Amino acid sequence: DFIEVFKDINISLHKFNINAWMDAGLLLKYTRGQSLFPSSDIDFGIKPKDINKLLLFSKYMENRDYLVASTGNISVIFEGINLIKKTKDGKYIPVDIHIYYPLEDYFCRPNSHKPLKQSYISRNFFRIFNKFNIILNSKYLQKAFILKRLFKLIYFIYSKIYFHIAITTQFAIPKIYFENFKYVKIYNEKILIPKNNINYIEWRYGPNWLVPNKDWRLTDGNMVLLSNLKKYWIFFSSAQIFIKSKYFKDK
């Protein structure tokens, strides 16, 4: 089932000409020479130039019985999307497609849904930001046109405050690692990975990446960046509305 979903996602991404590469834990396993299956999820990365295509891809996958939501349940397509496929035997296979934004010498993931836990202000500002997103996705607000417009204005103002004040745990990858890609063959499917995947994995997971470690932490690598979201505001404020698909009937 995992392999079928992996192939299906990869083929569908190609169908929409989305230049997605295998990322995170899945790429780590491949670089180690391990089997990709079993795995907790399936990870891909894309650049912001493919966001419009990602929206079309999302609708297409929803029509093919995938549960689709934006990363962090944000009401606009900003950080990426999460897909879940229910298999015939009742299992759920999650797929994450992350958007990496070019900022100075890095490609970064904002992780606006991951406020710094040690920051009281960031945590509490996020709680309100999260509630705004939940309300914007509610069925009631979708039907109330005037109320929806008013609420969207309030949401826009609050989001700007959140982006300028809250500190989040962001990921920063040197641009050199996402400038060139290569195709590899996995399960008889061609899939993109960063050309210099070994150095990228070492940057992301640390010098001991080759040895599986259950106690591994994000800070073991070099990618963690603690900062506010000011530099992402232009991307967020121009992002298109994203309404998540309905939950499966039995979950």
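Trainee: Where does Asp65 lie?
Mentor: Asp65 sits in the loop between α3 (51–62) and β3 (66–70). Keep in mind that this is a predicted model.

Trainee: Buried or exposed, that Asp65?
Mentor: Exposed, because its relative accessible area is 56% and the cut-off for that class is over 50%.

Trainee: What about the phi of Asp65?
Mentor: The phi of Asp65 is positive, about 65°, although the residue is not a glycine. Most residues other than glycine have a negative phi.

Trainee: And what is the phi of Asn73?
Mentor: Asn73 is not a glycine either, and its phi is positive at about 55°. This residue is found in the loop between β3 and β4 (80–86). With 33% relative accessibility, Asn73 counts as partly exposed.

Trainee: Which residues is Asn133 in contact with, leaving aside neighbours within four places in sequence?
Mentor: Asn73, Ile74, Ser75 and Tyr155. Asn133 itself has its place in helix α4 (residues 120–136).

Trainee: Is Asn133 buried or exposed?
Mentor: Buried, with a relative accessible area of 1%. Its side chain reaches the backbone nitrogen of Ser75 at 2.8 Å.

Trainee: Back to the strands. How many bridges join β3 to β4?
Mentor: Five, and the two strands run antiparallel. Within that pairing, Ala69 has Asn82 in β4 as its bridge partner.

Trainee: What does β4 do with β5?
Mentor: β4 and β5 pair in the antiparallel sense over seven bridges. Asn82 turns up again here, with Asp96 in β5 as its bridge partner. The hairpin of β4 and β5 has five residues between the strands, and Gly90 takes a positive phi near 90° in it.

Trainee: Which residue takes a positive phi in the hairpin of β6 and β7?
Mentor: Glu104, with a phi near 55°; that hairpin has two residues between the strands. Strand β6 (residues 101–103) is joined to β7 by three bridges, and they run antiparallel. Pro102 stands opposite Phe107 in β7.

Trainee: Which residue in β8 does Phe107 stand opposite?
Mentor: Ile173. Strand β7 (residues 106–109) and β8 run antiparallel and are joined by four bridges. Arg109 also has a partner in β8, namely Phe171.

Trainee: How many bridges does β8 have with β11?
Mentor: Four, with β8 and strand β11 (residues 224–227) pairing in the antiparallel sense. Phe171 has Val224 as its bridge partner in β11.

Trainee: Why is β8 described as largely enclosed by the rest of the structure?
Mentor: Because seven of the seven residues of this strand (residues 168–174) are buried. The cut-off for buried is under 20% relative accessible area.

Trainee: Which way do the residues of β8 point?
Mentor: Thr168, Gln170, Ala172 and Pro174 point one way, Thr169, Phe171 and Ile173 the other way, and all are buried. In a regular strand the side chains alternate between the two faces of the sheet.

Trainee: New topic. How much space lies in the largest pocket?
Mentor: About 390 Å³. The pocket is lined by 24 residues, and those nearest its centre are Ala24, Gly25, Asp41, Asp43 and Tyr205.

Trainee: Which elements give two or more residues to that lining?
Mentor: α2 (24–32), β5 (92–99) and α7 (197–205). Of these, α2 gives the most to the lining, with six residues.

Trainee: How do the lining residues divide into nonpolar, polar and charged?
Mentor: Eight nonpolar, eight polar and eight charged.

Trainee: What separates the C-alpha atoms of Phe2 and Leu54?
Mentor: They are 22 Å from each other, with the two residues 52 apart along the chain.

Conventions:
Residues are numbered from 1 along each chain as its sequence is written. This is a predicted model: local features need pLDDT of at least 70, side-chain atom pairs count only at pLDDT 80 or more; totals for chains, interfaces and linings use all residues. Side-chain values use heavy atoms; hydrogens and water are left out. On a 1 Å grid over the protein atoms alone, a cavity is a set of points where a 1.4 Å probe fits but cannot get out, and a pocket is an open set with protein on both sides within 12 Å along at least five of seven lines; lining residues have an atom within 4 Å of a point. Grid points are joined across faces, edges and corners, and a volume is the space filled by probe spheres set on the points. Ala, Val, Leu, Ile, Met, Phe, Trp, Tyr, Cys and Pro count as nonpolar, Asp, Glu, Lys and Arg as charged, and the others, Gly among them, as polar. Buried means under 20% relative accessible area, exposed over 50%, partly exposed in between (1.4 Å probe, protein chains only). Two strands pair if DSSP finds at least two bridges between them. A polar contact is a pair of N or O atoms within 3.5 Å; within protein, one must be able to donate a hydrogen and the other to accept it, and residues adjacent in sequence count only if both atoms are side-chain atoms. Contact means heavy atoms within 4.5 Å.
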